[in-house]
Amino acid sequence: MPRILFVKTSSLGDVVHHCPAVSDAARSLPGADIDWVVEESFAGIATMHRAVRRVIPVALRRWRARLWSPAVWRELAALRRALAAERYDFVVDSQGLIKSAVISSLASGERHGLDRDSAREPLAARFYDRRHRVPRALHAVERNRRLAAAALGYATQGPCDYGLRVEGAAPQAPAGPYAVLFTMTSRADKLWAEERWRELGRLLAARGLQAVLPWGNDAERARCERIAGAVQGATVPKHMTLLELAPLLRGARCAAGADTGLSHLAVALGVPAVGIYCGSDPALTGLCGARARNLGAPGAPPAAAEVLAALEALC
């Protein structure tokens, strides 16, 4: 059976977008051994994928900040040993960046990646044995699927299957029906106004849904607490890892989120979800799934009533 190594390190949304390509490979090549190199912060996503045999975490973000530390060099040496321990038939870098291409070069096996015209960083193509052209105008999920298909020799078919499995109960789930709201995002211009989140929370509460507002850092927690304070029954849970958050999402009636990777995770887990876009265009990296809807555009955020209507239609 073929042995396959995927290199897709970050960010959270990009890692979720790669899951359907892994599912395609497992379905098209039954019995294949599939390993995945991923940033340690997002390793939980690869761990949840039912077809992944081994997750190889990297810590590029942490290593860059402590490059001259002996501990970092020991971790780099351990990564080289982990990649060299297996002879792969295919090494597929779907990140298309120099950093991911360098990681792929450490593995033993034929290296595949995007060609110069397709990769985000054209110089990355120099590291591959075989280069594949994938139109840049496609959604990220479709780009990943097409690259994997070209590298592994099959045709993509059917709707995307994220392939994630969730085990265990949600540690902080409300007793009644609830909706998960992701108010955080990576840039200030992508944030949806707090008053709109409060309005959406009140509209959901009027329909019997308790709002749950997860967070990742102190600023996000403060924003969630301000919003929850104005919405009857809303809760702000303790900080959760991806593996803890997944069961909470799985049990939700629906989810709404700004342009953040956690919104994509909701879709990957089959939760009806609406993506709220204020400073980015969802055409290439918006929510992708049968139970997903994207609203808004740069400079044109949706109203709370629009988000509610979309959620009701999905549910």
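Q: How far apart are the closest N and O atoms in the salt bridge that Arg146 forms with Glu142?
A: This is a predicted model, in which local features need pLDDT of at least 70 and side-chain atom pairs count only at pLDDT 80 or more, whereas totals for chains, interfaces and linings use all residues. Residues are numbered from 1 along each chain as its sequence is written, and side-chain values use heavy atoms, with hydrogens and water left out. A salt bridge is a side-chain nitrogen of Lys or Arg within 4 Å of a carboxyl oxygen of Asp or Glu. For Arg146 and Glu142, the closest N and O atoms are separated by 3.0 Å.

Q: What separates Arg146 and Glu142 in helix H6?
A: Helices (H or I, at least four residues) and strands (E, at least two) are DSSP runs, numbered from the N terminus. Because Arg146 and Glu142 are 4 residues apart in helix H6, the separation between them is about one helical turn.

Q: What is the relative accessible area of Arg146?
A: Under 20% relative accessible area a residue is buried, over 50% exposed, and in between partly exposed (1.4 Å probe, protein chains only). Glu142 is partly exposed at 22%, and Arg146 is also partly exposed, with a relative accessible area of 38%.

Q: How many residues apart in sequence are the parts that Arg54 and Asp35 tie together?
A: Arg54 and Asp35 form a salt bridge in which the closest N and O atoms are 3.3 Å apart. Arg54 belongs to strand S3 (residues 54-58) and Asp35 to strand S2 (residues 33-39), so the pair links parts whose separation in sequence is 19 residues.

Q: Is Asp35 buried or exposed?
A: Arg54, the salt-bridge partner of Asp35, counts as partly exposed at 26% relative accessibility. Asp35 has a relative accessible area of 0%, and its class is therefore buried.

Q: Which residues do salt bridges that share partners join into one network?
A: In helix H7 (residues 194-206), Arg198 and Glu194 are 4 residues apart, and their side chains meet in a salt bridge (3.7 Å, N to O). The network made through shared partners consists of Arg3, Asp33, Asp35, Arg53, Arg54 and Glu86.

Q: Which element supplies the largest share of the lining of the largest pocket?
A: On a 1 Å grid over the protein atoms alone, a pocket is an open set of points where a 1.4 Å probe fits, with protein on both sides within 12 Å along at least five of seven lines, and lining residues have an atom within 4 Å of a point. The largest pocket is lined by 33 residues, with Leu12, Phe42, Thr260, Gly261 and Leu262 nearest its centre. Helices H1 (12-28), H2 (43-48), H9 (242-250) and H10 (261-268) each supply at least two residues of that lining. The largest share, 4 residues, comes from H1.

Q: Which element gives the most to the lining of the second largest pocket?
A: The second largest pocket is lined by 17 residues, of which Asp14, Arg120, Ala140, Arg143 and Thr285 are nearest its centre. Two or more residues of this lining come from each of H1, helix H6 (140-152) and helix H11 (282-285). With 4 residues, the element that gives the most is H6.

Q: Where does Leu123 lie?
A: Leu123 is partly exposed, with a relative accessible area of 45%. Its position is the loop between strand S5 (111-114) and strand S6 (130-132).
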